[in-house]
Amino acid sequence: MGNLINLRHLDICGTNLKYMPSQIAKLQNLQTLSAFIVSKSQDGLKVGELKNFTNLQGKLSISKLQNVTDPFEAFRANLKSKEKVDELSLEWDYGATLDTQIERLVLEQLQPPSSLKKLTIKSYGGTSFPNWFGDSSFAHMVYLCISDCDHCWSLPPLGQLLGLRELYISGMKSVKIVGAEFYGSSSSSSLFQPFPSLQVLRFRDMPEWEDWNLIGDTTTDFPNLLHLSLKDCPKLKGTLPINQISSTFELSGCPLLFPNSMLYFTENIPTNFHSSLVLNCTNLILDLTLSRIPSSASFPRDGLPTTLRSLTLRDCENLEFLPHESLCNYKSLEELEIHNSCHSLTSFTLGSLPVLKSLRIMRCEHLKLISIAENPTQSLLFLQYLSIRSCSELESFSTNEFSAHLILPI
């Protein structure tokens with residue numbers, strides 16, 4: 001391999017290499033190196049050998065960083081100088097942390113170039129992030145993913161990344177509070193606008209997260225947010241920035257949030273919550289997904305935003321469906337999916353949703369009747385796809401008044 005001294009591009013994705021063969025150190029003309037696996041033995045390359053690949057560009061993934069036991073090796077890699085690398089992934093093996101302080105020093109020395117556009121951090125074992133992480137000098141960064149950093153107890157000041165558009169945070173098992181440190185050191189100033197470009201924000205698998213302290217007052221936390229997703233945050237409670245979402249809201253596995261964010265409980269209301277709905281400016285939301293609501297709950301008395309484009313309900317067995325008389329108000333709803341939800345629903349009337357194009361109903365256990373609305377001709381013209389699956393008590397269904405792609409498996 002070392003004889004290919006003029007090689008420019010080397011893609012080793014999917015090879016299951018355990019370390020980088022030492023001969024690769026001779027390929028100093030490489031412009032593309034898809035992955036670099038750090039060795040802990042003398043047979044392979046240390047991370048410091050990256051210093052010799054001065055022409056690297058595009059995407060670079062560095063894995064098995066737990067094998068770096070000397071932070072000086074990370075310093076030798078000189079990632080900061082590789083200005084043509086615009087996508088970087090730094091990965092440790094999950095659960096392989098031996099010394100949290102060493103790992104913090106290693107990450108500190110692996111500072112990428114300020115021209116970086118995309119950054120992924122996986123299974124980092126330090127208790128905090130280095131100072132460069134979230135620094136405003138990374139003005140070109142548009143994508144950031146942080147996952148399975150079990151020992152970190154707080155998030156870095158990501159609000160200072162002025163160009164950031166997509167942010168994914170998962171598996172931060174020690175984080176209990178998300179507050180001012182998340183937005184940046186100047187978040188208390190009315191002149192500072194955190195996350196000015198953020199469009200997609202997703203949190204997942206945050207088992208200890210309890211409070212999300214929003215800025216409020218005259219500052220908008222996320223002025224351009226399109227999509228907010230919260231999944232598997234069982235202890236999270238309080239207020240969400242849903243009045244700042246202009247497109248999609250997903251909520252799953254967050255049982256303490258339901259009373260204050262989307263629904264009100266009809267029974268067993270926790271004493272530290274209000275049963276009244278707290279959902280402002282809902283007409284901004286176009287796509288709504290709710291899943292795994294554990295208790296009996298109802299939609300707000302005033303209904304959902306009438307601008308909804310799609311509604312998905314999954315594993316919400318005790319959720320009461322929207323009142324039949326209100327369905328005619330949803331003049332933008334094109335897609336409806338009811339999956340193992342709304343078990344109290346015994347009938348559904350086709351044509352009651354004026355512009356519905358796609359209807360999927362699966363495992364609606366007590367559904368007995370699907371009927372056609374009176375004078376449905378106009379509304380049924382929109383219906384293109386209809387799927388009814390595993391509704392064991394379904395007794396009556398008339399299909400002769402419309403033409404659609406129909407799926408009715410036995």
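Accessible areas here come from the Shrake-Rupley method with a 1.4 Å probe, and for residues only the protein chains shown count as cover. On that basis the protein exposes about 19100 Å², with carbon and sulfur atoms supplying 46% of it. The model is a predicted one, so to speak of local features takes a pLDDT of at least 70 and side-chain atom pairs count only at pLDDT 80 or more, while totals for chains, interfaces and linings use all residues. Residues are numbered from 1 along each chain as its sequence is written, and side-chain values use heavy atoms, with hydrogens and water left out.

Taken as a whole, the protein has five helices and 25 strands (DSSP runs numbered from the N terminus, H or I of at least four residues for helices and E of at least two for strands). Its 410 residues include 49% that count as buried, that is, under 20% relative accessible area, against over 50% for exposed and in between for partly exposed (1.4 Å probe, protein chains only). Among contacts (heavy atoms within 4.5 Å) with a separation of 6 or more, 59% are between residues 24 or more positions apart.

Aromatic rings come next. The structure holds 18 aromatic pairs; rings of Phe, Tyr and Trp (its six-membered ring) pair if their centres lie within 6.5 Å, and planes under 30 degrees apart count as stacked, over 60 as edge-to-face and the rest as tilted. Tyr-143 and Tyr-168 make a tilted pair, because their ring centres are 5.5 Å apart and their planes stand at 45 degrees. Tyr-143 sits in strand 7 (residues 143-147) and Tyr-168 in strand 8 (residues 166-170), so this pair ties together parts that are 25 residues apart in sequence. Tyr-143 is partly exposed at 23% relative accessible area, whereas Tyr-168 is buried at 18%.

Another tilted pair is Phe-203 with Trp-209, at 4.6 Å centre to centre and 50 degrees between the planes. Both partners are buried, Phe-203 with a relative accessible area of 1% and Trp-209 with 0%. These two also belong to a cluster linked by ring pairs, together with Phe-182, Tyr-183, Phe-195, Trp-212 and Phe-222.

Tyr-183 from that cluster also has a polar partner: its side chain and that of Asp-221 are joined by a polar contact of 2.9 Å (N or O atoms within 3.5 Å; within protein, one able to donate a hydrogen and the other to accept it, and residues adjacent in sequence counting only if both atoms are side-chain atoms). Asp-221 lies in the loop between strand 11 (211-212) and strand 12 (227-231). Asp-221 is buried yet has no salt bridge, and the nearest side chain of opposite charge, Lys-237, is 17 Å away. A salt bridge would need a side-chain nitrogen of Lys or Arg within 4 Å of a carboxyl oxygen of Asp or Glu; Lys and Arg count as positive, Asp and Glu as negative, and His and the chain ends are not counted.
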